[in-house]
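Hi,

Here is the structure I promised to pass on. Have a look, and my notes follow below.

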Amino acid sequence: MKFLYTIAFLILCSVAIVTGQAKYKCCSSINVSQNTNYCFYKSSHHQVFISSWDGLNIFDGQETRTYRPLTHHMAGNRMEDTFYEDTSGIVWFTTSEALHYYNPKTDSLDYIFMVNASGDTLRSNHSAFQLSGNDLYLRAENDIFIYDVVKRTIKKTIPFDFSKTTPIDVFQDLNTPLLFCINSPNYEMYAIEDSCHRKWVSRIEGELSSVYCSDSKKIWLGMADGKLIQLDPQNGHVLFQSPLVGIKVNGIVESTGNRLLLNVHPNEIIEYDPTRDVILDRFVPMLGETKEAVNYLLPPFMDRDSTIWFGGASQGVFFFNPRKQKFQHFLNTGSDQKPFNISSILPLTEHTYLIITRRQGIVMINEKGDILRQWLDLPDGVRNFTSTDAAQIDDHQFLFNSNSQLYVLDLKSGKIKKLQTKPSNTNLVFDQIEKFENGKIIASCGDSLLQEIQLSNYAYTCRPYGNLKGRATRTNDFKLDQAGNLYVSNDDASVLVLSPSADDQQHRFSYELSIKGGVRSLLEDQAKSGIYLTNTFGLFHIRHDTKEVTQIVDKENILAQTIYAAIADTAGNFWLSSNKGILKYNPKAKSVKVYSRMDGVQADEFNSNAYHQTADGHIFFGGINGINYFHPDEVVSSTKEAPVYIRSVKINDELDSTILVPEFKDTYELTYKQNTISFDFHAIDYSDPDATRVKYQLVGVDPEYIESQSAKGFARYANLRHGTYTLLLLGANADGHWNETPRAIEIIIHPPYYLTWWFITLCVLLAIGIIYGLVRLYYQRQLEKRNQIVREQALIIEKQKAVEYERNRIASEMHDDLGSGLTTIRYLSDKALKQARDSAETEQIKRISEHSKRLVRNMSEIIWAMNSRFDSAENLVGYLRRYASEYLEEYQLPLKFVSGLEHLDQVSMGGEKRRNVFLVFKEMLHNAVKYSGAERLEIEITTNHQLGIHIAEIGGKGFDPELALEKGNGIFNCRKRMHSAGGELTFEKTAEAMHIHIIVPIKPEAGG
């Protein structure tokens, strides 16, 4: 059967008419000042210079600036010649009136008038030919000038008669400049250094339409009748001649590999290999957004990155890069033609395919996209018919649908036959038709669910398939997996899975998946553990064992859209047709690469069932404007870096007149008041400027890079603190490849004067001086205070000495005078007592004697307190021991006194404090004798930065000090005395005794 089909196909091809079809390639466009543009040039700083009759246009990849005589320093505005860049980056060009130069670092223009040998200033017919080293060759009126662009001087002036010839270009032949001219119908070459002596004349028949002198020293002539001719610049002989296309050649440019790009009338570009005399490609440039063909192309220009630039008469400037076109585009059309809307792709042979379309019938193409045959008419009179799907019946017959009817295309006869059916089948709507491996032809028929189509003698009948009644409301698309399971869209609300019967002749319902959006395509996973399913909502994975459904989500959420088809390549990547173009999904990295129209994608929207993968790995994706054909291994993204261009910089949200060209400025030094800065920037890739991206990071402010959402980037930083910052800018080219090294811009914000090093140093020195003065003044005052204190201490000591002297004097006088008197009284009372006559008198005399004794004792205490000789703790302890012994002995109360203290003589204790301690001690002994009823007293004296007197009333009844405080003044006065002495008086009652604690702070004598 395969042999019969091959024979039939060869017969068909032998009689088929190969239909010529114009191909289209998308290009970008920009608006310039005037829409007739002849010359282009891409400078070393990545800007594109565009000439016009309205002035100079400079394109930076996103925006165009226009320079005119009224607004800039120019002489004239009509530009028809190319641009030349010298070694310093200055670009030279001419208007008719003068020679001009543009300095990109200052964004400034200037011009020079040529002056002839007679001293006349020339102001017309300026035209530059070539820049060789520092020598620029140009014409001005009737002279040829050699101008030194570095020294800005005219090196040589050569008169030349231009009345009968037109100069075209200058060649450098062994460092000898040659001028190529046209003197219709002759072509002439002149030696410039030899006073323009003519070297040769060549005559070629035919009307000249274009001339191109290449950098490889070749002269190409394009003729109005479509011939292409190459002249030898040495002698004018014809080196090459080809009839080529039979259409007027409007422009020629040399491409890579010695290939030529030809612009032929009115709007077609041809890539031509003259070494093989083969046309490699031909296409019409088309605007990506409107699909409008560019008409009346002017001569093209190819820059150093292979981007092709050309003007369209009255349409502006257009450009594209052939390397950006990654996908072949078959059956592509412009806006003036009906697009090929692809429904299905069926392979015929290894190199031919049958394409089912909407409104364009059925088309047979080869692997180059050439139309071999097209069927537009149906046998019932329908023209430009639409079909949504087809299935191959046998080796030469194909079943397809159109308007609820079924037809068969017979490739042997090349005819279409309409199939007859029963009236019950005439209302069926066939959405999808597939032929299974078991030979059954199954169709999805909407409300009529799945139907099996049975064919017989150009007639058909239908019967329900899969027993879906009651399980589905409407069927849409359906797909078979490799195991033979059938996945059916249940009105896009869920997916029904039908398993094959044992004899493989039927499918029966197995289970239902809760997946909205139906099923557009299936793809087995590499582990054979599940299957991938695509639909209106994206990409899903279904496990075979658990029936678990997982939606596949990428980092940018690009997959959440309609995906019509999924095909895996040998590297494990998924190629997806979608409503955003062609997607490449990497399951490991979970990243998605989007390919758009500028990559050669037919349109943003593709179609269901319009996909196919060949045995050698090539992929077909069909959409609303033709087919994309590619091999995944050949889709290579560019790794060329996209330089980041800084268009404008604002300081405090205003343009700064001191910043002339931000592109050439990498350091900004600002004052502390200029602490808000913003940058407007973008990456440059002319293959598709709108697809570029940028990201930025201000080190120390931004924790990570911030990526722009469009081609233009904007960064603004407000209220920056003083210091040094680094702004890092990264660009991504049109294929999404990020630059490896960021562009770094240093921002230095100087601190205010009061935070500068010199001001801080001055302030520190001043502070040190002030501190020194203050410290000096402080110590001086401290010295004065110490002197004052010394003086005051001397006075105090003097007063103390005076007081001590006075105390000692009083104590001495009291002892000598009062003591002797009281002693005399006591002596006389004792003598009188012996002479008493009766008991009353005896009692009276005893009272006098007792009072005198008491007064002697009190006076002794006062003298002891006043005498400074006794101002020590040791003296106090001794006095207390003696007093306690005498007092308790008088009342026959046993006493135990413990004081094993040393160095108490070095502890000073003033008279007043000694007296208060003694009086309190005395009062406590008195109370013990009078009220305690104690069997004995134990007194212990300790010292540890304080003098502690512990009185224990052993066997006494004790008392409540708080009640005693309320009933009398004794304890109250004692506590008051202890408070004035800086000490305290406390009481503690236990079962054995009543404990009294007298605590007085003490300090050693100075120097002790």
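How many aromatic pairs does the count come to? By the ring rule (Phe, Tyr and the six-membered ring of Trp, centres within 6.5 Å), the count comes to 49 aromatic pairs. Planes under 30 degrees apart are called stacked, over 60 edge-to-face, and the rest tilted.

Before the details: this is a predicted model, where local features need pLDDT of at least 70, side-chain atom pairs count only at pLDDT 80 or more, and totals for chains, interfaces and linings use all residues. Residues are numbered from 1 along each chain as its sequence is written, and side-chain values use heavy atoms, with hydrogens and water left out.

Two pairs to look at:

- Phe49 and Tyr102 sit edge-to-face, 5.6 Å centre to centre with 70° between the planes. Phe49 is in strand β3 (residues 48-52) and Tyr102 in strand β8 (residues 99-103), 53 residues apart. Both Phe49 and Tyr102 are buried (under 20% relative accessible area, 1.4 Å probe, protein chains only).
- Tyr353 and Phe620 are tilted, at 4.4 Å centre to centre and 55° between the planes. Tyr353 belongs to strand β33 (residues 352-358) and Phe620 to strand β58 (residues 619-623), so this pair ties together parts 267 residues apart in sequence. Tyr353 counts as buried at 3% relative accessibility, and Phe620 is buried at 0%.

There's also a cluster, in which ring pairs link Phe327, Trp575, Tyr595, Phe606, Phe621 and Phe630.

As for the whole chain, the C-alpha atoms fill a box of roughly 185 × 105 × 40 Å along the principal axes. Buried residues make up 49% of the 1008 residues.

Cheers

Technical notes
Buried < 20%, exposed > 50% of the residue type's maximum accessible area, 1.4 Å probe, protein only. Helix = DSSP H or I, 4+ residues; strand = E, 2+ residues; numbered from the N terminus.
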